[in-house]
Amino acid sequence: MTEYHALRESDKINSSRRAPFYAPTVGAFSSATYPADVARLLRSFATFFALGAFANFFIAWLCVLPSTPGVDRWVCYHNPYGHADERDPIVMILVASTGREIASGMGRPGTFLDQHPDEVYIYYDNVWWPRESVTNDDAEFAVAAGWPMRCLMAWRTVSTVDLPEEIEFRHHDHWGIALDVISTRSGSLFGKILPLLPMPIGFVVNTVSYTFVFALAWNGTRRLNRWRRQSRNECAACAYPIGPAIRCPECGTTHVVASASSRVAFLPVNPSQRCTITSQ
Ligand SMILES: [Zn+2]
């Protein structure tokens with residue numbers, strides 16, 4: 001009994017001078033009963049939210065990078081911007097694949113509409129692309145990417161420069177990082193641009209979704225770790241072997257006593273001074 005009380009006192013001493021490295025790792029979404037727990041909960045949520053915002057870029061760019069022929073869906077629409085002036089074509093193309101959509105003009109849209117009127121649909125979704133990206137020049141386009149919602153966009157316009165013997169076409173990428181540095185208009189129909197401009201609704205919805213996914217994954221991993229440590233009679237917070245002790249002598253975390261077993265494994269702050277005390 002004396003030894004037991006001595007052990008409790010040692011607990012206090014050790015827990016009062018525990019090093020930051022051994023601080024209890026009580027993670028997010030545990031029972032928040034103290035202001036410190038609430039602050040920790042808010043910090044965890046802010047961290048997950050920031051990670052969710054970054055995940056938008058990571059996932060959107062992953063959707064843009066692969067180019068697998070045959071998976072794109074091409075659909076022609078009446079241009080929602082109409083043809084108020086000569087710049088706007090009356091028919092445009094939307095090329096869609098998982099997590100990516102490209103809006104572009106097409107060559108001879110009036111002829112296409114005359115010959116294939118039943119292949120031109122009305123666009124009912126939100127018009128996300130800027131007007132200047134859909135013109136009669138099919139080298140200009142806009143790209144939106146993200147999953148499950150479009151969350152980042154960029155677009156390309158082309159200008160011409162009259163040189164003495166030729167006309168030079170110059171790409172201007174807006175809110176995007178161009179991966180195709182070829183200045184000619186031939187080759188692949190659409191260049192690759194990593195979009196940077198957030199689309200408000202999609203960005204917020206995706207960020208919140210990712211935040212919950214990260215929080216659930218983190219919480220699940222934490223619970224799994226705690227269960228594994230407890231099943232091995234280790235401290236759930238710092239993994240030190242404590243047996244049936246109520247309070248971890250290393251980090252001070254209080255545990256529920258699983259049984260009335262009398263064996264207590266005690267580790268002082270310095271792991272090299274490990275010793276075991278047995279009391280009945
Ligand atoms: Zn501990």
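Me: What share of the contacts in the chain between residues at least 6 apart in sequence join residues at least 24 apart?
Reply: In this predicted model, 51% of the contacts between residues at least 6 apart in sequence join residues at least 24 apart. The secondary structure of the chain comes to 4 helices and 12 strands, and 24% of the 280 residues count as buried.

Me: Which residues of H2 and H4 meet, and how do they divide into nonpolar, polar and charged?
Reply: On the H2 side the contact is made by Phe48, Phe49, Leu51, Gly52, Ala53, Ala55 and Asn56, and on the H4 side by Phe203, Asn206, Thr207, Tyr210, Thr211, Phe214 and Ala215. The residues of this contact divide into 9 nonpolar, 5 polar and no charged.

Me: What makes Ala236 count as buried?
Reply: The cut-off for a buried residue is 20 or more other C-beta atoms within 10 Å of its own, and Ala236 has 22 other C-beta atoms within 10 Å, so Ala236 is buried. Ala236 is found in the loop between H4 and S11, where, leaving aside residues up to four places away in sequence, Ala236 touches Arg226, Arg229, Gln230, Thr253 and His255.

Me: Why does Ala239 count as partly exposed?
Reply: Ala239 has 17 other C-beta atoms within 10 Å, and because a residue is buried at 20 or more and exposed at 12 or fewer, Ala239 is partly exposed. Ala239 also lies in the loop between H4 and strand S11, residues 263-266, and phi of Ala239 is near 70°, a positive value in a residue other than glycine.

Me: What is phi of Trp175, and how many C-beta neighbours does Trp175 have inside 10 Å?
Reply: Phi of Trp175 is near 55°, which is positive although the residue is not glycine. Most residues other than glycine have a negative phi. Trp175 is placed in the loop between strand S7, residues 167-174, and strand S8, residues 176-178, and with 16 C-beta neighbours inside 10 Å, Trp175 counts as partly exposed.

Me: What makes the peptide bond from Trp147 to Pro148 cis?
Reply: Omega of the bond from Trp147 to Pro148 is near 5°, and the bond is cis. Most peptide bonds are trans. Pro148 itself is found in the loop between strand S5, residues 141-145, and strand S6, residues 152-162.

Me: How do you know that S6 and S7 pair?
Reply: At least two bridges are needed for two strands to pair, and S6 and S7, which run antiparallel, are joined by 8 bridges. A hairpin of 4 residues links S6 to S7, and across the pairing Ser159 stands opposite Arg170 in S7.

Me: Why is S7 called hardly covered?
Reply: The count of buried residues among the 8 residues of S7 is 0, where buried would require 20 or more other C-beta atoms within 10 Å.

How values were computed. Residues are numbered from 1 along each chain as its sequence is written. This is a predicted model: local features need pLDDT of at least 70, side-chain atom pairs count only at pLDDT 80 or more; totals for chains, interfaces and linings use all residues. Two residues are in contact if their C-beta atoms, placed from the backbone, lie within 7 Å. Helices (H or I, at least four residues) and strands (E, at least two) are DSSP runs, numbered from the N terminus. Ala, Val, Leu, Ile, Met, Phe, Trp, Tyr, Cys and Pro count as nonpolar, Asp, Glu, Lys and Arg as charged, and the others, Gly among them, as polar.
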